[in-house]
Amino acid sequence: MRKRILKILITGGAGFIGSALVRLVIAKSKSRLLRPAKAGLAMTKQCEVIIIDKLTYAGDLKRLEEVGGKFKFYKTDICDKNKIETIFDKEKPEIVAHFAAESHVDRSIDDAAPFIDTNIKGTQILLDASRKYKIQKFIFISTDEVYGEIANGKFNEGSPIKPNSPYAASKAAADLLVQSYIRTYKFPAIIIRPSNNYGPWQYPEKLIPLAILRILDDGKIPVYGRGQNAREWLYVDDCALGIMTIMNKGKIGQIYNLGSACESKNIDTVKLLLKTLGVSQDRYELVKDRLGHDIRYSLNSRKIIRESGWKPIVKLAGGLKLTVDWSLKHQVWLKSKLKDINKLYKSR
Ligand code: NAD
Ligand code: TDX
């Protein structure tokens with residue numbers, strides 16, 4: 001068997017979920033978990049990881065220190081067509097995993113502009129470069145938010161798209177653009193729609209790390225509205241493994257939901273977190289609700305489980321414990337974001 005190296009280009013690899021995938025791919029790169037898309041190509045024993053990341057406020061190379069020196073890094077904006085084409089021309093990746101995005105709903109409510117640029121235009125530029133350089137697989141990381149909210153029941157992959165926030169609308173536009181390339185050009189893409197992620201290295205603008213940071217900073221956790229909104233919480237390492245499994249076994253042209261079935265109302269999530277932190281149950285405050293706040297997300301993830309064998313392992317209580325333990329060891333990193341977070345809250 002011919003030994004060859006599989007080249008994987010990961011956009012947003014210095015972000016929260018992208019970096020979890022980078023660490024996983026590098027850890028597994030000597031195993032046979034990943035293989036090229038086309039039948040007939042030799043099985044690979046090694047992967048080369050190439051990262052493109054603009055290093056916005058959300059990107060941080062500290063997330064990749066434990067795998068330092070094991071990937072190539074380009075500090076590049078995915079909206080820069082010329083630079084993106086130069087990288088594709090030089091690196092000739094076989095797989096593209098596209099995570100790069102503006103990812104925070106509240107910021108999209110304050111200003112939609114960067115969401116339109118990065119999430120829509122940036123995705124189009126990557127799709128065109130991927131077509132031009134004939135990549136084998138394009139994995140698009142979409143989101144459960146493209147479906148909008150659901151009061152009862154679960155979304156499956158055929159449910160209509162009805163996004164509500166500017167963030168969700170920009171991701172839905174990109175998701176539909178990928179679908180249009182699949183149909184129009186027979187473009188070899190797979191779309192993955194994960195539910196809410198949490199875990200180590202998440203930027204503390206999102207509910208769980210923000211709550212931990214507030215407690216570490218002797219404050220209270222801001223709970224929007226009456227805390228009745230529900231989310232499906234997926235531990236980030238389970239998500240990264242799901243994405244890697246789809247990269248290997250997913251069918252070209254398909255959409256896969258990626259959820260945990262660990263649903264919890266925000267007020268219950270916050271109370272469980274306070275218990276895990278070992279602090280008083282009253283360390284939260286009800287604050288003004290988010291505009292257009294989606295009441296509930298819930299995914300039917302049977303398709304990925306049936307087709308790939310992947311299953312989430314970490315339940316919410318265990319995942320919060322892992323996240324709290326990690327946060328206590330990485331307080332310096334979390335607190336280094338405090339100034340930015342306080343600015344974000346003051347601007348409202
Ligand atoms: P994140 O905000 O932590 O990371 C995004 C990364 O993209 C950062 O490293 C940032 O520097 C980079 N980036 C932003 N704009 C860029 C640009 N123009 N060019 C190049 N790089 C750019 O996001 P995340 O939470 O890791 O989410 C990753 C992906 O998963 C996103 O596409 C998001 O929509 C999707 N998603 C996230 C969640 C979640 O709960 N976090 C759930 C479902 C789907
Ligand atoms: O301070 C807060 N208080 C609060 O009550 C924050 C930041 C959030 N919330 C609520 C809003 C949501 O109901 O907690 C819930 C989770 O909020 P976020 O962590 O901001 O996530 P969400 O808005 O659900 O979106 C996330 O999931 C889907 C990610 O940010 C997206 O990138 C992903 O696509």
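The legends below describe close-up views of a predicted model.

**View 1. Helices H6 and H8 cross at roughly 45°.** H6 covers residues 207–216 and H8 covers residues 266–277. Their axes come within 11 Å. An angle between 35 and 65 degrees counts as oblique, so H6 is oblique to H8. The crossing of H6 with H8 is right-handed.

**View 2. Side by side, H6 and H8 meet through residues from each helix.** From H6 come Leu207, Ile208, Ala211, Ile212 and Ile215. From H8 come Asn266, Thr269, Val270, Leu273, Leu274 and Leu277. Sorted by class, this contact has 9 nonpolar and 2 polar residues, with no charged residues.

**View 3. H8 also crosses helix H10, at roughly 50°.** H10 spans residues 316–329, and its axis comes within 10 Å of that of H8. The angle makes H8 oblique to H10, and H8 passes H10 in a right-handed crossing. On the H8 side, the contact is made by Thr269, Leu272, Leu273, Thr276 and Leu277. On the H10 side, Leu316, Ala317, Leu320, Lys321 and Val324 take part. The classes here are 7 nonpolar, 2 polar and 1 charged.

**View 4. The second largest cavity holds about 50 Å³ of space.** A search of the whole structure finds 4 cavities of 30 Å³ or more. Residues that line the second largest cavity include Val105, Ile109, Glu145, Asn164, Ser165 and Arg231. The run Arg290, Leu291, Gly292, His293 and Asp294 also lines this cavity, as does Tyr297. By class, the lining has 4 nonpolar, 4 polar and 4 charged residues.

Key:
Residues are numbered from 1 along each chain as its sequence is written. Chains are lettered from A and ligands numbered from 1 in the order in which they are written. This is a predicted model: local features need pLDDT of at least 70, side-chain atom pairs count only at pLDDT 80 or more; totals for chains, interfaces and linings use all residues. Side-chain values use heavy atoms; hydrogens and water are left out. On a 1 Å grid over the protein atoms alone, a cavity is a set of points where a 1.4 Å probe fits but cannot get out, and a pocket is an open set with protein on both sides within 12 Å along at least five of seven lines; lining residues have an atom within 4 Å of a point. Grid points are joined across faces, edges and corners, and a volume is the space filled by probe spheres set on the points. Ala, Val, Leu, Ile, Met, Phe, Trp, Tyr, Cys and Pro count as nonpolar, Asp, Glu, Lys and Arg as charged, and the others, Gly among them, as polar. Axes are lines fitted to C-alpha atoms, for helices over the stretch in contact, and angles run from 0 to 180 degrees between N-to-C directions. Helices (H or I, at least four residues) and strands (E, at least two) are DSSP runs, numbered from the N terminus. Angles under 35 degrees count as roughly parallel, over 145 as roughly antiparallel, 65 to 115 as roughly perpendicular and the rest as oblique. A crossing is left-handed if the near helix is turned anticlockwise from the far one by less than a right angle, and right-handed if clockwise. Contact means heavy atoms within 4.5 Å.
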